[in-house]
Amino acid sequence: MGRTYFVEEAIGQYLSDLSTKLKPYVTGLLIGQCSPQRDYVIQAVRTPPKEEQKEDNISPSKLASIDEEWVTTHASQVSRMLPGGLIVLGVFIIATPELSKDCQNALRKLIFSVEKSLTKRRLWKPAEEEVSDRAALQICSATRKVVCRTYDVQDPKSSAKPADWKYQSALSASWLALDCTVNVNIHIPLLATSPNHDLEKNTKNGLNRWSKQIEDSVFLINGQIKDDDTELLEGQKKLRGNTQSSTQFSDVKVLTQLSQGSSHRSTATVQVCSGSINLKGAVKCKAYVHNNKPKVKEAIQALKRDIINTLSDRCEILFEDLIINEGPHKKSFETEYHVLPQRLFVPVAGSSVMLSDYKFGDEATGEIQERFVEMLDQSVQAEDIHIAEEINTVDICPVTDNMDDTQQKQLTKATLLLKLQQNMGVVIAAAVAVFASIFSFNYFSD
């Protein structure tokens, strides 16, 4: 039996409007939430036209001309704007009858390309029982016939399976929201063996370690620890009659472990560092879950992923901004202080869900509004933009600004030992001794 997609009723009108305006075809993304029982689609977003298409009003006539890279880049940008619990769960094509026979092949390619691109950016791994089917929606612009199929993105050889596409009004009007604020203070050492300009890779490695700490954290929902398999609304059933017109919020506290339990073996590692990256601040996180008897584990998983995604996305945005403004290669490695973009939230019409975005301090409201139109095909009023946070920072620091020749020679010697120890077991003791002295010196001098 195939999957069933419950779809926000307004999406039907949106897709119908696209079919009359854009010929011979238009592609786009489906945004929503997967659950073990059913899937929900709360928004459809057309792929923005490329600059040359805007200027020349050119519309490609064959599906073979679809730019996969452009579609996947759009999907990556859109995924940054989604709070916890929402994902890009499919792709659609609206095409004329002449192109209909090629639609499924095009959809299959796009689905796997999009998923590959999104997976590459993630710092978390999907759970074993997680739904891995993604929707491929084909609509005929002449007859309005809708054909929905799914592909298992975990299986590259997956074949299409039929799926049901059912419209429903006020689908996400009473979804459940979880909010939390996470204080971040992450210290990421920059190894002396790594190039100074490779800051993005070092940051991602550091965030990988931090994300595992978030995965292992304890989550208190409204002050209580709840069993994973219990219903999220258990104990709150008296409020359920009220949820049609308002959102139920759960306040969540995140308790991270200070140290590993006795079952984990810990080994100290001494490494030579040329500097460090420090991420500091409080990040506002938000996740949404459907109201069809959601489990606690679904809600916590959605919030965990939002915590991890929001910090990772901000660092990506910052490094992209630095490359644009300063170039990909910096000539010097000096102490730097950067402000991470702030998170903001924007409501979705007819829904309790809010979408997300990020802004630098010097960005005007008009730029944010333009981005929502371009990425999500959604007009946003200035008064609907809610900035959720104070400023968060990232510091990039060398160990010392005035290292003399003797210290530099010691560092070079230690670095050589570090490279050699992989193949020479006999020098390990000597290497550790040198590393310890260098580390001690840098620690106290800092």
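Helices (H or I, at least four residues) and strands (E, at least two) are DSSP runs, numbered from the N terminus. This is a predicted model, in which local features need pLDDT of at least 70 and side-chain atom pairs count only at pLDDT 80 or more, while totals for chains, interfaces and linings use all residues. Residues are numbered from 1 along each chain as its sequence is written, and side-chain values use heavy atoms, with hydrogens and water left out.

**Exercise 1. A surface patch**

Find the strand that holds L255, and say which nonpolar patch L255 belongs to.

Solution. 
- Step 1: L255 is part of strand β11, residues 248-255.
- Step 2: Check its cover. L255 has a relative accessible area of 43%, so it is partly exposed; buried means under 20% relative accessible area, exposed over 50%, and partly exposed in between, with a 1.4 Å probe and protein chains only.
- Step 3: Together with V218 and I225, L255 forms a nonpolar patch on the surface, with about 270 Å² of accessible area. Such areas come from the Shrake-Rupley method with a 1.4 Å probe, and for residues only the protein chains shown count as cover.
- Step 4: Like charges are joined within 9 Å, and nonpolar side chains (Val, Leu, Ile, Met, Phe, Trp, Tyr) within 5 Å.

**Exercise 2. An enclosed strand**

Work out which way the residues of β5 point, and whether they are buried or exposed.

Solution. 
- Step 1: In a regular strand the side chains alternate between the two faces of the sheet.
- Step 2: D133, A135, L137 and I139 point one way from β5, and R134, A136, Q138 and C140 point the other way.
- Step 3: Both sets are buried. With 8 of its 8 residues buried, strand β5 (residues 133-140) is largely enclosed by the rest of the structure.
- Step 4: Now look for a partner. Strand β4 (residues 87-95) runs parallel to β5, joined by 6 bridges; two strands pair if DSSP finds at least two bridges between them. I94 has I139 as its bridge partner in β5.

**Exercise 3. A strand with two partners**

Identify the strands that pair with β14, and their directions.

Solution. 
- Step 1: β14 and strand β15 (residues 354-359) run antiparallel, with 6 bridges. P347 is bridged to M354 in β15.
- Step 2: These two strands, β14 and β15, form a hairpin with 6 residues between them, and G350 in the turn has a positive phi of about 75°.
- Step 3: β14 also pairs with strand β16 (residues 386-387), antiparallel and over 2 bridges. Here F345 has H386 as its bridge partner.

Conventions. Patches are made of residues with over 30% relative accessible area and no salt bridge: like charges are joined within 9 Å, nonpolar side chains (Val, Leu, Ile, Met, Phe, Trp, Tyr) within 5 Å. A salt bridge is a side-chain nitrogen of Lys or Arg within 4 Å of a carboxyl oxygen of Asp or Glu.
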